Amino acid sequence: MLKYCLKLNAFILLLTLFCLTTTAGFASDKKGVLKAGAATSNITPPLGQLIVGGWKPIPATQVHDELHARSIVLDDGQTRLAIVLCDNVGIPESVFDLAKEQAHKATGIPKSHMLLASTHTHSATTARGPSKVIRETELTEYQKFLANRIADSIQRALFQLEPARIGWGKVDEPSEVHNRRWFVNDTSLLTNPFGGIDRVRMNPPRAHKALDRPAGPTDPEISFISIQSLDQRPIALLANYSLHYVGGVRSGEISADYFGYFARIITRKLNAENQYPPFVGILSNGTSGDVNNINFTEKNGRRYKQYEKMQEVAEKVASRVQEAHQKITFHDWVPLGAATASLPLKLRKPTPEMLEHFAKVTSAPKDKSQTRHSREEIYAERIAGLKDAPDEIQIPLQAIRIGDLGITAIPFETFTETGLELKDRSPFAETFTIELANGSFGYLPTPEQHRWGGYETWLGTNFVEKDASTKIVTTLLDLFQSLKNEQPSTQTK
Ligand SMILES: [Zn+2]
């Protein structure tokens, strides 16, 4: 059963007026003063902790650039929201829950009004326990530190609260998004670790003659929200782009990837350096579970130096945002809202065939390994790890409303077509999704993508029932509708 925890404070008549007017058009009708604050807390771990972006974890030996939790707090006079993006590959719900608990105690902001998410940099150290679907009972030192620092950043952002104005916009940058799942006409490229043949291959060899067509779309849209003081000093800018990550780091080095570069570059482009309170630039991850920036139809291009490519992509995304930013409309008040739901999803279980296959894999002599799939042993371990998993988990879903802009929060590496569907069916004028928000439960392919197979659909990469994305979209659209229709009401927990 869905349980909605709604904090409702819309003003339908005011919103209608808002839609019909332009800049600050409803200043005289507003129900309060819009306020905003932003802050950044350093979340860089100690060296020696494990970096987990690749197939094999490696210990961190150097910090290329520091990792951060970047926070925005908004207040419309009745409702307070906090949005925090953390430089990590995927933070579990248990850590975010602790952060929310601590931040709620310190600030009074309802937990349901906090959207906490990971950027998905692949060059941060782990903030996860051993399983993505079995909740930890004991948190590690780094997990506790991380929760603490996230809560601090919310508290610090709240401390900076001042009267503000807000605007949003969008602009396309298609050159850095490519669907990484391809139909290929060569079964030797389609084997999977379960002893079967898929129809779709993730990251196929570039410019290979067997490439047929991508198995899904891309979303070229960069959405952004800009917040300024009343005298137009930049306070924060939150952007959203559906590109997995860029990579190209030196082995063993900690980096926030292009998300970190974007934060620095947009600060420069908005002339917001050396100010107090410091400006906070943020790039959140959209729906990029099946999208990277490799053009698979081209042979390898020129070789980039380490960190060069991520810098180039961040520069490009920040330039688009800067251009579009000049044309947006700022509002000196908008209604805010947040709604959450806890959605039960069944966990997939290993089939008898899978168990039989992996029993053979683990008992086979090592010297026969060259005839097997290169990831078989990894998946044998992942499948074995599922034996203590529950039959069902509850996943947190959330929708945020900022005027006529809607944001959905999904705790999975979400496929682009799911993000596009939400944009298409949203009742709000503009919409974007922040993935890996409020938890991290693996990949979320659509039911159709499940039928085609490929890495993101394999049990051990994906964990939840195959029609989960459909249920998630339905629930999020219900939350959006409730925010759209909301009436002033009392605060929930
Ligand atoms: Zn990833």
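Reply: Begin with exposure: buried means under 20% relative accessible area, exposed means over 50%, and partly exposed lies in between, using a 1.4 Å probe and protein chains only. This is a predicted model, in which local features need pLDDT of at least 70, side-chain atom pairs count only at pLDDT 80 or more, and totals for chains, interfaces and linings use all residues. Residues are numbered from 1 along each chain as its sequence is written, and side-chain values use heavy atoms, with hydrogens and water left out.

Me: Is Gln232 buried, exposed or partly exposed, and why?

Reply: Gln232 is partly exposed, because its relative accessible area is 49%. The residue is found in the loop between β14 (221-229) and β15. Helices (H or I, at least four residues) and strands (E, at least two) are DSSP runs, numbered from the N terminus.

Me: What can be said about phi of Gln232?

Reply: Most residues other than glycine have a negative phi, and most peptide bonds are trans. Phi of Gln232 is near 70 degrees, a positive value in a residue that is not glycine. Asn274 also has a positive phi, of about 55 degrees, and is not a glycine either. Asn274 sits in the loop between α4 and β17, and it counts as exposed because its relative accessibility is 84%.

Me: Which residues are joined by a cis peptide bond?

Reply: Tyr276 and Pro277 are joined by a cis peptide bond, with omega about -5 degrees. Pro277 belongs to the loop between α4 (257-269) and β17 (280-285).

Me: How do I read a metal site, and what coordinates the zinc ion?

Reply: Look for donors, which are N, O and S atoms within 2.8 Å of the metal (3.2 Å for Na, K and Ca); water is not among the atoms, so sites may look incomplete. Here the zinc ion is coordinated by the NE2 atoms of His120, His122 and His244, at 2.0 to 2.1 Å. Along the chain the donors follow the spacing H-x1-H-x121-H. His120 lies in the loop between β8 (114-118) and α3 (141-159), and His244 in the loop between β15 (234-241) and β16 (253-254), so this pair ties together parts that are 124 residues apart in sequence.

Me: Are these histidines buried or exposed?

Reply: His120 and His244 are buried. His122 is buried too, because its relative accessible area is 17%.

Me: With which side chains does the side chain of His122 make a polar contact?

Reply: A polar contact is a pair of N or O atoms within 3.5 Å; within protein, one must be able to donate a hydrogen and the other to accept it, and residues adjacent in sequence count only if both atoms are side-chain atoms. The side chain of His122 makes one with the side chain of His120 at 2.9 Å and another with that of His244 at 3.5 Å. Plain contact means heavy atoms within 4.5 Å. Leaving out residues up to four places away in sequence, His122 touches Ile51, Gly53, Val89, His244 and Tyr245.

Me: How should I look at a helix, and which residues of α8 are buried?

Reply: An α-helix has 3.6 residues a turn, so residues three or four places apart point the same way. In helix α8 (residues 416-425), the buried residues are Thr416, Glu417, Thr418, Gly419 and Leu422. Their cover includes β22 (405-410), β24 (430-435) and α10 (468-484). Thr418 is buried because its relative accessible area is 1%; it touches Thr446, Ser469 and Val473, not counting residues up to four places away in sequence.

Me: What does the side chain of Ser363 reach?

Reply: The side chain of Ser363 reaches the backbone oxygen of Ala359 at 3.0 Å. A polar atom of this side chain also lies 3.2 Å from the backbone oxygen of Lys360. Ser363 lies in helix α6 (residues 352-363) and counts as exposed, because its relative accessibility is 57%.

Me: Where is Ile395, and what does Ile395 touch?

Reply: Ile395 lies in strand β21 (residues 392-402) and counts as buried, because its relative accessibility is 0%. Residues touched by Ile395 include Ala341, Leu343, Phe412 and Ile472, not counting those up to four places away in sequence.
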